[in-house]
Amino acid sequence: MREMRVALSSFRILSLLIPRRLENLQRRGLSAAPMRLVQFHRLNDGGVRVGVEQGEGLDVVDLKAFDPSVPCTMKELLEMGDEGLERARRAVSSGQCVLKRSDVRLLSPILSPEKLVCVGLNYRDHCLEQNAPIPKEPIIFNKFPNAITGPFHDIVLPSESQVS
């Protein structure tokens with residue numbers, strides 16, 4: 001079977017802190033600055049790591065290198081709740097354990113999710129960009145977990161696929 005690869009260069013890792021979550025953190029006295037949490041591996045070793053991107057396309061703070069008690073996967077870090085986010089903030093504010101962006105490869109935000117439920121046209125600006133009417137009800141659809149890829153990885157299409 002012949003495969004075709006399509007470059008995906010415009011995918012962006014979304015900030016994982018939504019406005020309501022930020023308000024909750026501020027009420028509890030925690031820093032509310034959004035962080036760009038990323039999952040990556042170093043180019044010279046394949047182990048999965050969690051870090052904080054210092055800005056789009058900028059260097060990455062390696063959380064485990066700063067604090068060995070931080071887990072290696074995003075799912076485990078998020079399961080730590082506020083404690084995990086606070087450890088990430090401490091690592092970023094330390095200015096230590098920063099890896100050059102050219103030395104890491106970003107991975108998908110979550111590896112092997114059990115389910116992937118998506119909401120289409122979920123904000124007004126997106127509808128306007130697409131010249132689509134704003135839906136009255138959410139447009140819900142699913143994707144298969146093996147459809148997840150890193151932000152700059154190729155999307156592999158089977159030879160039977162057609163690109164329109």
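1. Basis. The model is predicted, so local features need pLDDT of at least 70 and side-chain atom pairs count only at pLDDT 80 or more, while totals for chains, interfaces and linings use all residues. Residues are numbered from 1 along each chain as its sequence is written, and side-chain values use heavy atoms, with hydrogens and water left out.

2. Overall content. The chain holds 5 helices and 9 strands (DSSP runs numbered from the N terminus: helices are H or I of at least four residues, strands E of at least two). Starting at the N terminus, the order of elements is β-α-β-β-β-α-α-α-β-β-β-α-β-β.

3. Sheet. An open sheet is formed by 5 strands with antiparallel pairing, in the order β5-β4-β3-β2-β6; two strands pair if DSSP finds at least two bridges between them. Its edge strands, β5 (98-99) and β6 (104-106), each pair on one side only. Strand β2 (residues 36-42) and β6 run antiparallel and are joined by 3 bridges. Phe40 has Leu106 in β6 as its bridge partner.

4. Main core. The largest nonpolar core has 12 residues, among them Met35, Leu37, Val50, Leu63, Met74 and Leu85. A nonpolar core is a set of buried Ala, Val, Leu, Ile, Met, Phe, Trp, Tyr and Cys residues joined through side-chain atoms within 4.5 Å. Two or more residues come from each of β3 (49-53), α3 (74-79) and α4 (82-94), and α4 gives the most, with 3 residues. Leaving aside residues up to four places away in sequence, Leu63 touches Val50, Gly51, Val52, Val70, Leu77, Ala88 and Ala91 (contact means heavy atoms within 4.5 Å).

5. Second core. A separate core of 6 residues includes Phe40, Val60, Leu99 and Val104. Phe40 is also the residue bridged to Leu106.

6. Of the 164 residues, 27% count as buried; buried means under 20% relative accessible area, exposed over 50%, and partly exposed in between (1.4 Å probe, protein chains only). Among contacts with a separation of 6 or more, 61% are between residues 24 or more positions apart.

7. Surface. The chain exposes about 11,000 Å², with carbon and sulfur atoms supplying 53% of it (Shrake-Rupley method, 1.4 Å probe; for residues, only the protein chains shown count as cover). Val119, in strand β7 (residues 117-120), counts as partly exposed because its relative accessibility is 40%.
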